[in-house]
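User: Could you walk me through a few spots in this protein? I'd like to ask as we go.

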Amino acid sequence: MITNKQLFYLLAIPLVSFFPYDVPLWTMVVIGLAAAFAFWLVQWPGQDVKVNPVRASRFSPKLIPNKLDAIVIGSGSGGCACANLLAQAGKRVLLLEQHEERTGGCTHSFRQEGCEWDTGLHYTSIGMSKTTQRPGALLNFMTKGKQKFTRLEDPYDQVYFPPDSNVKPGCPNHQLYSFVTGGENTIDSILHNIDPNNEELKKKCMIWMELCRFINDGFTALGISRVLPSFLHFLLKKRIDNLMKLASYCVWDVQYAVFNLGYNIEDLLRDCPKAPSPTDPDPVLRRVKAVLTHPIGDYAVQPRDATFAAHGITMAHYEMGAAYTVGATQNISIRSSSLVRAMGGEVLIDATVNEIIMENGRAVGVRVTNTSDANNKGDPTEIRAPNIICATSVYNLYNKLLPQDHPIVRDFQDPTKRSIRQSNGHVFLFCKMKGDPTDLELPTHNLWYFNGYDLDLAFDKYFANPEGERPPTVYIGFPCTKDPTWKKRLPGISNCILISDGLWEWFEKWEGTTVHNRGPEYEVFKSKLTKHLLDILYETVPQLRGKVEYFTLGTPLTEVTYLSSWHAGSYGTKCLPSMFAKMNRKWTTTPHTQIPGLYMAGSDAFLPAVCGAMYGGCFGAAAVLGHVHTMRMTWAFLRHFASTLREENPKMSWLESYTTAIQKLATDK
């Protein structure tokens, strides 16, 4: 491979010969250097690489490439994005996944009893599906256009509440509330079922939506700051400061300020009063607040505790609609990680990283064993690289992978120096139904079950008594109706997934036991959780009663086994206001660590969920590459983005396409 120095001489010296004899030498050198840099900038190593999607191989020392540039631990959305971009930049990358059978983390899917289920990507925003929007353009860039999505028709989500007699006289008393494309359309749909003629309430709801967009803009600024040199951060300071101010408030308090006190954005940037009670005595506001808590399942923290930043960006993320993958969600990781192989790297499953090797204060490699070697009979394989990227959460990094006597590890474990904690876990019920989705009249949209309009009360009751109380929120999804390839791939079969919250503390006593060998007490507990979820399924989709022929329940222990989540925190850091406190900013929402050669990718490098983790992977790659090479990566992406925009609109000029691509990258609009 030609070096940058050789490239300079090849370009700059011939260029100098064309200058008049009286032009100063230093001018010729500068112009030649600029020409060489410009030429280098537009030569993207991964630009013309052809990708043949292939599943990962099982870990074996003989498959490890020589002269690695980077090792990425974890193949979820963030790990795959980071490995992909580093490989495209010409780095030789080794991507390691502890799952014994497949890559993907929370985007993987699995088959059992002749059926298939997704595990974490149950739907995504319309922006992730459109190649002319920033997140979709990024995924398209990484998968070479191979990943496709299909739009979910309106309503893409419906929220179901049990019957409730506390209603304002003269107002409707509905149980279902629809979320549709467009913020104002959603507000009109919701208010039509609560208080259809209340114009003042609509104005407050629109302020709520404006706040969510404001949060989204703040996170765009925060993301840009992760790739800009520090001396340019002043350009984004005000937007980021405003974001951090709003992030310090919880959802319930912001709802009180907006709906009870009439606050707007300017008011909230000054202060946010504490709500006097976790419930609202006004029956209309009680319902509106509960319904507008709808995206709660995507960050899994009750309104009293959740940072408004998580709620705002999630609400804005889905404002223009939702989408689902064409084909199994597993394909995302296969298509993005296959480029790593095409660029001389490798992708290996069944590869548990036991520790990160430290030498002279620097991360220099990892020690790996086969996950399937349950008794650890084999000696660990030592693999070295100058850059180690952890895409499996800061909690695994500082609690498992690094030496526990390291000063920075001790800082992380010191409650006076770190107040973030891992997210809660989940309980999953995977159901198989015999019959065609159309014949069974299954919904083509997602359903959310909310156990009452007083959500904090519902959370408190459930967390205190999970066997006796229904979950506060349950996601109910039917991939068989959303994936247009389903009927061809799995004819005559339908599926359903239900997901609720599950605390690690409930299952901690079974830690260390193996799948299917956790004992009768565990199975009894699971059966009670299963009954809650099946009862909710039959209540919300009654035609399925008697049609479910197989089901299996996953618990937080399942998340630990298959996702390697620390204490089942598969969302990474719990979305509390403290997540954005100054003392915690060195631990999360950043790809940098305090250890040379060690970086973060995934949700803890930016934000939870598939899209947030993907961005975290991009920032992890940028941190490894440095500012100059990140400039090159950004240019390659903009060139791809501009080309895609012109494909959609051939009348667009090249200048207009690049201008539009830059605007969409910088503003997400």
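Predicted model: local features only at pLDDT ≥ 70, side-chain atom pairs only at ≥ 80, totals over all residues.

The chat below goes through some side chains, helices and backbone details.

User: Okay, where is Arg-470 found?

Analyst: Arg-470 sits in the loop that runs between helix 16 (455–464) and strand 18 (473–477).

User: And is Arg-470 buried, partly exposed or exposed?

Analyst: Arg-470 has a relative accessible area of 22%, and because buried means under 20% and exposed means over 50%, Arg-470 counts as partly exposed.

User: Which side chains does the side chain of Arg-470 make a polar contact with?

Analyst: The Arg-470 side chain makes a polar contact with the side chain of Tyr-449 at 2.9 Å, and another with the side chain of Glu-539 at 2.8 Å. If neighbours within four places in sequence are left aside, the residues in contact with Arg-470 include Asn-451, Tyr-462, His-532, Asp-535 and Ile-536.

User: Switching to another arginine, where is Arg-134, and is it buried or exposed?

Analyst: Arg-134 belongs to helix 5 (residues 134–142), and it counts as buried because its relative accessibility is 9%, with the cut-off for buried being under 20%.

User: What does the Arg-134 side chain pair up with in a polar contact?

Analyst: The side chains of Arg-134 and Tyr-615 are joined by a polar contact of 3.1 Å. Not counting residues up to four places away in sequence, Arg-134 also touches others, among them Thr-220, Phe-637, Phe-641, Lys-664 and Asp-668.

User: Let's do helices. How many of the residues of helix 9 are buried?

Analyst: Helix 9 (residues 251–260) is mostly covered, with nine of its 10 residues buried; among the buried ones are Val-251, Trp-252, Asp-253, Tyr-256 and Phe-259.

User: What do those buried residues of helix 9 pack against?

Analyst: They pack against helix 7 (199–225), helix 10 (265–268), helix 11 (283–291) and helix 12 (308–317). Following helix 9 there is Gly-262, which has a positive phi near 75 degrees.

User: Which residues is Lys-204 in contact with?

Analyst: Lys-204, which lies in helix 7, is in contact with Val-258, Phe-259 and Gly-262 once its neighbours within four places in sequence are left aside. Val-258 and Phe-259 are among the buried residues of helix 9, and Lys-204 itself counts as buried at 18% relative accessibility.

User: Now helix 21, which of its residues are buried?

Analyst: In helix 21 (residues 556–563) the buried residues are Pro-556, Leu-557 and Glu-559. Seen down the helix axis, the buried residues fall within an arc of 160 degrees, so they line one face of helix 21.

User: What covers that face?

Analyst: The cover over the buried residues of helix 21 includes strand 16 (425–434), strand 19 (493–502), helix 19 (504–507) and helix 20 (520–540).

User: What about Glu-441, is it buried or exposed?

Analyst: Glu-441 counts as exposed at 58% relative accessibility, and its place is in the loop between strand 16 and strand 17 (446–450). Glu-441 likewise has a positive phi, about 55 degrees, although it is not a glycine.

User: Staying with the backbone, is the peptide bond from Asp-154 to Pro-155 cis or trans?

Analyst: That bond from Asp-154 to Pro-155 is cis, with omega near -5 degrees, and Pro-155 is found in the loop between strand 7 (149–151) and strand 8 (157–160).

User: Last topic: how do helix 3 and helix 13 cross?

Analyst: The axes of helix 3 (residues 77–88) and helix 13 (residues 330–342) come within 8 Å and cross at roughly 35 degrees, and the crossing is left-handed. Helix 3 contributes Cys-80, Ala-83, Asn-84, Ala-87 and Gln-88 to the contact, while helix 13 contributes Ser-333, Ser-336, Ser-337, Leu-339 and Val-340.

User: What classes of residue make up that contact?

Analyst: By class, the contact of helix 3 with helix 13 has five nonpolar and five polar residues, and no charged ones.

Terms used
Residues numbered from 1 in each chain as written. Heavy atoms only, no water. Helix = DSSP H or I, 4+ residues; strand = E, 2+ residues; numbered from the N terminus. Buried < 20%, exposed > 50% of the residue type's maximum accessible area, 1.4 Å probe, protein only. Contact = heavy atoms within 4.5 Å. Polar contact = N/O pair within 3.5 Å; in protein donor to acceptor, adjacent residues only side chain to side chain. Arc of directions from axis to C-beta. Axes fitted to C-alpha atoms, helices over the stretch in contact; angles between N-to-C directions. Left-handed = near helix turned anticlockwise from the far one by under 90°. Nonpolar A, V, L, I, M, F, W, Y, C, P; charged D, E, K, R; others polar.
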